[in-house]
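Reader: I want a close look at one part only: the place where two of the protein copies meet. Please show me the model, then go through that contact and its surroundings.

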4 protein chains.
Amino acid sequence: MTIEFDNNAPIYIQIMNYMKKQIVIGKLGPGDKIESVRDLAAELQINPNTIQRTFQELEREGIVETKRGLGRYVTEEESTIMRIKKEMAAELLDRFVGGMKELGFTGADIVALVEDAVRDDANAKGGA
Amino acid sequence: MTIEFDNNAPIYIQIMNYMKKQIVIGKLGPGDKIESVRDLAAELQINPNTIQRTFQELEREGIVETKRGLGRYVTEEESTIMRIKKEMAAELLDRFVGGMKELGFTGADIVALVEDAVRDDANAKGGA
Amino acid sequence: MTIEFDNNAPIYIQIMNYMKKQIVIGKLGPGDKIESVRDLAAELQINPNTIQRTFQELEREGIVETKRGLGRYVTEEESTIMRIKKEMAAELLDRFVGGMKELGFTGADIVALVEDAVRDDANAKGGA
Amino acid sequence: MTIEFDNNAPIYIQIMNYMKKQIVIGKLGPGDKIESVRDLAAELQINPNTIQRTFQELEREGIVETKRGLGRYVTEEESTIMRIKKEMAAELLDRFVGGMKELGFTGADIVALVEDAVRDDANAKGGA
DNA sequence: GTGGTCTAGACCACG
DNA sequence: GTGGTCTAGACCACG
């Protein structure tokens, strides 16, 4: 596991988002064991306290659970995972559409720009 | 002028974005005089140092210019304003499309969600 | 036997309290044999060390006794059971009255709230 | 300010509860400035990180707010303070009545014990 | 001056 | 072995 860190957000937030994405896309499934604080800290070369903070927040969101003495696990509540996915998507969408409107773009402009972006993206990867 | 502040970003960034939007949509036109640090600080009930920082950054981006002894003005270079508009839109778009893909949405999903969002938005305001 | 575990207290404490209550209300009478560590661990799906710890503490309080080679038994000293009951009730009472006073409730407030609570409780269960 | 620490709960929880009580009983009123992390740490002879943790949690409960660069303040939302008071009282009450019933006490027993407790308490302080 | 983050590391409770 | 708490202290962003 590797994460590209940037300086715009605290490391614990970046790791949080990375893990939430892993869970949302199913790379980490419901009930899967999560690496221990110590192991993940070693792997990412980050202080264990920072990892601890990440997990604390994930637990508060209900997406991760501690089983005492056994370690941490992805929640088995699939509805919680769906909720997180929807929350994350809704926030991205709001921020985007809201921001574009504040810049003076119309609904039609916005749709057109997104269509271009996903088409370019596909071409960049797929070729032909 | 009022701004809804949140706690996710520094205040000076929030004021910066607010002013850039005002300029991009033409509420503040090229060559217009900008409120003084003192006045804006009083109006927003913000520490003048924070306003100072905002203007410093806006100047660094070339969208605002100081005329010694006369005050600060929106740049008269319309191309600079267009550049800022494009930069802001591009960043919103990248962040959005990139984020959605990381959550597992396809290009088609993304376009559909945006179409819904702009349609709802229109209905919410205009109605028909 | 099933216990609703929460995360606010160690599991061994929760099991301890559960067993003490069973004894205090007579579900487990003086001299009754207690399930073996092995069996109870299997039944509750808990690490046997945790059950071991529970029994160790119960023995320290004198409410459970080990008969070598025969297993563990509820004490035959009824006075010990009465003492435990009083201790548990006194602690609940102190914590409650003390806590309410620290929140600014008067004695009269406290009595009234308790009267309501036991009345509601009765209605919820008994009806009419 | 002095707090009697015990070992049954983490220090940050004990400080949290202490502050919540101060706010609930009005010793710290809505909008009052709270001591800085550094000052409170020095006063209680506790590590600043521990105080930081306390405030983090209080903020999450909405009873304390950070004004960037200015310090922390008791929320001005009196309804939030009332909510906290009710939550704390309800938890005490539930824990008490629930616990007593599990020990086999009837509603009448419970009311009688509470009446005695508040009467004794009054005598202990006031005398007659 | 104020809070926020992060590192480094100890120690302990729990299972 | 695992997470939870706490200490000690650096450094930085913000106002």
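**The A-B contact and its setting**

Author: Chain A puts 26 residues into the contact, and chain B also puts in 26. Two residues count as in contact if their C-beta atoms, placed from the backbone, lie within 7 Å. On the side of chain A that touches chain B, α1, α4 (78-102) and α5 (107-126) of chain A each supply at least two residues. Helices (H or I, at least four residues) and strands (E, at least two) are DSSP runs, numbered from the N terminus. By class, that side of chain A holds 18 nonpolar, three polar and five charged residues. Here Ala, Val, Leu, Ile, Met, Phe, Trp, Tyr, Cys and Pro are nonpolar, Asp, Glu, Lys and Arg are charged, and the others, Gly among them, are polar.

A note on the model. It is predicted: local features need pLDDT of at least 70, side-chain atom pairs count only at pLDDT 80 or more, and totals for chains, interfaces and linings use all residues. Residues are numbered from 1 along each chain as its sequence is written, while chains are lettered from A and ligands numbered from 1 in the order in which they are written.

Now chain A itself. An automatic or database assignment sets its bounds: domain 1 (11-76) and domain 2 (80-126). Taken over C-alpha atoms, the centres of these two domains of chain A are 27 Å apart. Their contact takes eight residues from domain 1 of chain A and five residues from domain 2 of chain A. The domain 1 side of it divides into four nonpolar, two polar and two charged residues.

Last, the DNA. The surface near DNA strand F divides into ten nonpolar, 13 polar and three charged residues. DNA strand E also has 26 residues around it, with A:I11 and A:G69 among the closest.

Conventions:
Near = placed C-beta within 6 Å.
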